[in-house]
Amino acid sequence: MNAVFPTPDAADSQRLLSPEELEAALRDIGARRYHNLHPFHRLLHDGKLSKDQVRAWALNRYYYQAMIPVKDAAVLARMTDAALRRIWRQRIVDHDGDHEGDGGIERWLKLAEGVGFDRDYVLSTRGILSATKFSVEAYVHFVSEKTLLEAIASSLTEMFSPTIISERVAGMLKNYDFITKDTLAYFDKRLTQAPRDADFALDYVKQHATTPELQRRAMAALTFKCNVLWTQLDALYFAYVAPGMIPPDAWRPGEGLVADAAPVRAAAAGGKMTAADRPRLPRGVRLRNDETRGKYVLLAPERTFDLDDNAVAVLKLVDGTRSVADIADELGRTYAADPRAIEADILVMLDGLAEKRVLER
Ligand SMILES: O=C(O)c1cc(C(=O)O)c2c(n1)C(=O)C(=O)c1cc(C(=O)O)[nH]c1-2
């Protein structure tokens, strides 16, 4: 059974490390395996993701946040020492809060709402990737089944989280116009909570990992936890970046958003296009590159519309899943221009096409 986990080589595993050497070995695991190194995080922080890809991250990570107190309750249940429980229970309070509307889970829900989700949809966990669930649940099982030392050691990824949190908050605020400081308020508190928790867990592990075997187990626990975080990002990347294979039942762009009702209402009222609408070409209408004339045209049954370069850039992004706001965001990034100014212009253009019945929402 143990063979499933890689073991350090025999010579190392037989030597008792000093507490300082053990800490250095644990930090080295983070330096090589922590999820700040994952390509999905690089894209997220550098502003390279679409709004829908950021949404997929916020939705899936909700599951991790929601299960952290379940994990910590399982750790608490292993503790026979009241003094230890008094310290550990603070983690549950941090996430659940002391009253309704308080705590980390609530703040994560605000983050999800901030990127457009309907709160009840997020709470339902319906659209969460199965791989996210498997990975988070593996963490809960791990702390329930392994020794208390291993359970505590598995939380040590928090040693590395303040750096990634600072980088994420700065990067997202700079690179995405739909992200505000309020949306990311979740992370404010983590900057003090995580170091406090990590300091305690590190002292505990350094004190209690008193044999080479226990030290090896503590290192394996931290490696396991790095993998729990890494595989969640693998799953997001596979489903929403490349190859973009969204499994059955997982969230699809456009689902579970508060703006969902808006296009329906607007269409029913016959009103103008809004930023939340997801325009698409009606059946029988196609964007075509007319090679003899060297330009793109919109081909409709028995009619052809000449298009200027701006219209072509917009229509290349019209796919029935991107909203007008998403299209404006993407063009804003491509042309380094203010997306809200672009949005106003393309709404007028799209309304014109909708009136000619070569566009619908
Ligand atoms: O934003 C991050 O990158 C990040 C990482 C980690 C982590 O390293 O486990 C946690 C969190 N955030 C976090 O918000 C959180 O509540 C948390 C709890 C735990 C844990 O293992 O008990 N890790 C993390």
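What percentage of the 361 residues of the protein count as buried? The answer is 49%, where buried means under 20% relative accessible area, exposed over 50% and partly exposed in between, with a 1.4 Å probe and protein chains only. The structure is a predicted model, in which local features need pLDDT of at least 70 and side-chain atom pairs count only at pLDDT 80 or more, while totals for chains, interfaces and linings use all residues. Residues are numbered from 1 along each chain as its sequence is written, and side-chain values use heavy atoms, with hydrogens and water left out.

The predictor's confidence in each residue is expressed as pLDDT, on a scale from 0 to 100. Its mean over the protein is 89, and 89% of the residues reach 70 or more. Residues 264-269 stay under 50, and for this stretch the model has four contacts beyond four places in sequence; a contact means heavy atoms within 4.5 Å. For the complex, the predictor gives an ipTM of 0.95 and a pTM of 0.73.

The protein contains 16 helices and three strands. These elements are DSSP runs numbered from the N terminus, with helices (H or I) of at least four residues and strands (E) of at least two. Among contacts with a separation of 6 or more, 73% are between residues 24 or more positions apart. An unreviewed UniProt entry places the feature "domain: Thiaminase-2/PQQC" at residues 24-234; UniProt positions are given in the numbering used here, feature names are shortened, and annotations may be inferred rather than shown by experiment. Over residues 24-234 the chain is 76% helix and 0% strand, with 27 Å between the end C-alpha atoms.

Two helix pairs were examined. Axes are lines fitted to C-alpha atoms, for helices over the stretch in contact, and angles run from 0 to 180 degrees between N-to-C directions. Helix α4 (residues 51-78) packs with helix α12 (residues 212-240) at about 145 degrees, the axes being 10 Å apart. Gln53, Ala56, Trp57, Asn60 and Tyr64 of α4 meet Lys225, Leu229, Gln232, Leu236 and Tyr240 of α12. By class, this contact comprises six nonpolar residues, three polar and one charged. In this classification, Ala, Val, Leu, Ile, Met, Phe, Trp, Tyr, Cys and Pro count as nonpolar, Asp, Glu, Lys and Arg as charged, and the others, Gly among them, as polar.

In the second pair, the axes of α5 (residues 82-96) and α6 (residues 104-114) come within 4 Å and cross at roughly 30 degrees. Here Asp94, His95 and Asp96 of α5 meet Gly104, Ile105 and Arg107 of α6. The contact of α5 with α6 has three charged residues, two polar and one nonpolar.

Individual positions were also considered. Ser161 is found in helix α10 (residues 161-175) and is buried, at 9% relative accessible area. Apart from residues up to four places away in sequence, Ser161 touches Tyr34 and Ala194. Asn175 also lies in α10 but counts as partly exposed, with 25% relative accessibility. Beyond its neighbours within four places in sequence, Asn175 is in contact with His45, Asp46 and Gly47. The C-alpha atoms of Asn175 and Lys48 are 8.2 Å apart, across 127 residues of chain. Gln207, in helix α11 (residues 186-208), is exposed, with a relative accessible area of 59%. Between Gln207 and Pro19 the C-alpha separation is 7.6 Å, and the two are 188 residues apart in sequence.
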